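Biologist: I am new to this structure and would like to learn how to read it. Please take me through it step by step.

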Amino acid sequence: MLIGIEAQQKGTLLLGNEAVAQGLLDEGATYFAGYPGTPSTEIIEYVFKTNKSESIVVHWSSNEAVAFEEAAAAAISGEYAVFTAKHVGLNVAADPFMTLAYMGVRGAMVICVADDPSMHSSQNEQDTRWYGRLAHLPVLEPTDPENAYEWARRALQLSYKIKLPVILRLTTRVSHGLSSIKFAPPISKPKQDYTKDPSRFVSLPSNARKNKLRLNKAFSEVEEEIENPIYYKKSLSTPQHSLGIISAGTAASYCEELQADLPFDLFISYVTHPLPKNALTKFMQQHSEILVVEELDPVIEGDLKQLAYERKIETNIVGKQYIPLNYELGLENIENAIRDLLGLEKPEVIEIPLNNSDIIVRPPTFCAGCPHRATYYDLNKALKHQDVIFSNDIGCYSLGALPPFNDADSLLCMGASIGMAVGYSEIFPDKTIVATIGDSTFWHSGVTALSNAIWHNSNILVVVMDNSTTAMTGTQENPSTNNTLNILETAKGMGALAWQVNSFENKELVQIIREKVKLPGVKVLVAKQPCVIYENHLNKEREIPPKGVIKVDMDKCTLCELCVSDLNCSALSLQNGEIIVDGAQCNGCEFCATICPRDAFSLEVRTNE
Amino acid sequence: MNNLQINIVGVGGQGTISIGRLLLQTGLIQEYNIRGNETHGMSQRGGSVNFQVRVGQFKGVLIPNSGADIILATEPMEAVRWINSLKPDGIVISDKHAVIPAIVNVTKQKYPKLEKLIDYVRMKTNNIILIPAMKIARSYNNDKAANLVLLGALLQVTPLFDPNILRSLIKEKWPRMAESNTICFDAGIRYVQTNYPDYVKNRSKLIQDNPV
Ligand code: SF4
Ligand code: SF4
């Protein structure tokens, strides 16, 4: 979680996301709102860390829809607003998003959405560029972290000029790529007074019909605007090659690199909706063969084929026939596609086959000392003899889906654990239905699902693993942070039976689960204990020393393996008939000591460091 | 200008991001054209992670298959997992210290012997530099600096990065651990000088072979 270490000479080392944030700040952005989600999180984190101005609002919001609404209010009031989310986050904000397009903005608004091709940290790899087409909004795309700064600024400029929100579409390799970023002088946004304009901003049908025409008109202005050569980059050789490649986003950065070795001309469009039709028409007319290189869906390809048909352009357009449809692209698969198309020999690559039994997969695991691990351990002990359906959710606790816990029958999207639990309870009245959800996800969308469950008096147990932070994305704050909002009281107030237990109180937790799980109606159990990463971080700030490291007394240990197999703490392993503690990992939570039937563990307080 | 691609691989939490960032920062100060890419999100939780460093006339942030000149591994099984990212006859620098995935306690799989892992690497290259980095760091009572031992080792294999700049960046980044961390870094340098002198002698060659 390092940010921009200043360099003396040549720019500043930044993540693409940080470059975006700096660009937006330098262009005069005044309101930032978002919900954390990989790979988008560092945009707002950077603003939190670097911004000293009182006049700039920065919020993590409860979910993407409300974040979008906050930013929308700012943008229609004349502010320069920024919304950030991961790709699936825009689904949550899709409702306000679609109608704000009709209203447009009075200041400016940039919708920063980071897609995750290959699903490094996501449940799908949907292509946000479709959203631009759905809402009739422009989509801008940097190609690498280096030009992310510039395109963030241009996105705000364009939005202010045409009075529409603008989508800045990022992908994992732009967001989490690093480069040296050079800043341009900052400017302030133009001042605007607020005047009421209900005929535009109150979306009653009569106004919406007028707004639709307004949107059409603004969009045709965008189409004109983006024919300006700043929005694309052409590199043509003389004489021209017969192959022309049209590309955008990360894929374009690889094409640029490959141009040194392969014979083709290149057109990079930094706007992928709408496309600069006139410039592209000319480029297509100059080449007998066009290859569209884009990551994920054939969005540009479809538009170009339509354009060629309408304008009777005589060229052969290919794309997904050669370029993979799924997962992120890399230099090698683009190079192979170009060589295939040109009938050139492909470089020979020796792939060493790796045997799975030697090179063991290393899935992510809970951190050593993570309270979620303790909660899943307790759940499995308490419900051992029951027929359970586990409805899981999105966060660090999703890892409970993996061995040794295997506590997930399904995991769909944010907040779905409780919504789906209601469905399961209707279909399987004889089974035990358990929803597992974290605090941030509870406030994000679990709380509405809980109202539904209580309303329908569903027989479900909701286990909220409240660690007071949005941990998966790197410990951002949420309504539970600093106990600002209280999940136990909320659940009680809504009418559920509810209890709260310290996640490390093994006996109490197991007992409550066993006793209460069969009661009728909605039961909410809040397992509370801070995320160990978050706590370590706070302790460091407050100069509180670490708790210590656990020690094993092998004379007492009978090798029952509860701690290594059933709990599976990543700081513990069984090597040559001995339990070994990895001192660098152990966080001294003492949960292993709590469950050890032989009392073989004891905490040794750390002295060095 | 020369080019160099390094794939830094390891296990979430071992400090691969830290050393990757230090290298990029050094490159930036030395006015190289740099690109990097880091892992965020899910796999950071004890999963397999990597950090890619590209120095030279590159645009993209990812190293292609068989494109890395060097794999710098903070864990030996991870060196093998990423072996297909290495150029034929590229260099592998790895800690000998194994981090056994907790999952083997459940699946009862056996973590392979170091020799077995090296056999895999040999299918791609004989340039293997093994460093007891964790052991060295431990001997200075500074487990967390095993990554810096490896960083020191790397600097003996390529002349591209100025060790003095790195030393001052290390001190700046961890002011409280400044002394112990630089000791570990220097120990990495010394280890390669003593045990793999040929690489130190030939280190400019790696760069000359790679003109842009
Ligand atoms: S980051 Fe926090 S919540 Fe996530 S696995 Fe680690 S300790 Fe658990
Ligand atoms: S005290 Fe035990 S359970 Fe807790 S982190 Fe250390 S080894 Fe793991």
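Modeller: Some conventions come before the features. This is a predicted model, in which local features need pLDDT of at least 70 and side-chain atom pairs count only at pLDDT 80 or more, while totals for chains, interfaces and linings use all residues. Residues are numbered from 1 along each chain as its sequence is written, chains are lettered from A and ligands numbered from 1 in the order in which they are written, and side-chain values use heavy atoms, with hydrogens and water left out.

Biologist: How many salt bridges are there over all chains?

Modeller: Side chains of opposite charge can pair when their charged atoms come close. The rule asks for a side-chain nitrogen of Lys or Arg within 4 Å of a carboxyl oxygen of Asp or Glu. By this rule the count over all chains is 34. One of them joins Arg35(B) and Glu146(A), at 3.0 Å from N to O. That pair crosses between chains, from strand S2 (residues 34-37) of chain B to helix H7 (residues 145-162) of chain A. Helices (H or I, at least four residues) and strands (E, at least two) are DSSP runs, numbered from the N terminus.

Biologist: What separates Arg339(A) and Glu335(A) within helix H14 of chain A?

Modeller: An α-helix has 3.6 residues a turn, so residues three or four places apart point the same way. Arg339(A) and Glu335(A) are four residues apart in H14 (residues 331-342) of chain A, and therefore about one helical turn separates them. Their side chains form a salt bridge of 2.9 Å, N to O, and both residues are buried.

Biologist: Which residues are linked in a network of salt bridges?

Modeller: The network links Asp115(A), Asp127(A), Arg129(A), Glu141(A), Arg169(A) and Glu294(A).

Biologist: How many cavities of 30 Å³ or more does the structure hold?

Modeller: Rolling a probe the size of a water molecule over the atoms shows where empty space is left. On a 1 Å grid over the protein atoms alone, a cavity is a set of points where a 1.4 Å probe fits but cannot get out, and lining residues have an atom within 4 Å of a point. Points are joined across faces, edges and corners, and a volume is the space filled by probe spheres set on them. The structure holds five cavities of 30 Å³ or more. The largest cavity has a volume of about 140 Å³, and 18 residues line it, with Gly369(A), Leu567(A), Cys569(A), Cys589(A) and Cys592(A) nearest its centre. The second largest cavity has a volume of about 110 Å³.

Biologist: Which ligand sits in the largest cavity?

Modeller: A molecule sits in a cavity if more than half of its atoms lie within 2 Å of its grid points. Ligand 2 sits in the largest cavity. The residues around ligand 2 (a heavy atom within 4 Å) include Cys569(A), Cys586(A), Cys589(A) and Cys592(A).

Biologist: Which chains surround ligand 1?

Modeller: Residues from chains A and B surround ligand 1, so the site is shared between chains. Among them are Cys367(A), His372(A) and Arg45(B).

Key. 1 Å grid on protein atoms, 1.4 Å probe; cavity = no way out; pocket = protein on both sides within 12 Å on 5 of 7 lines; lining within 4 Å. Buried < 20%, exposed > 50% of the residue type's maximum accessible area, 1.4 Å probe, protein only.
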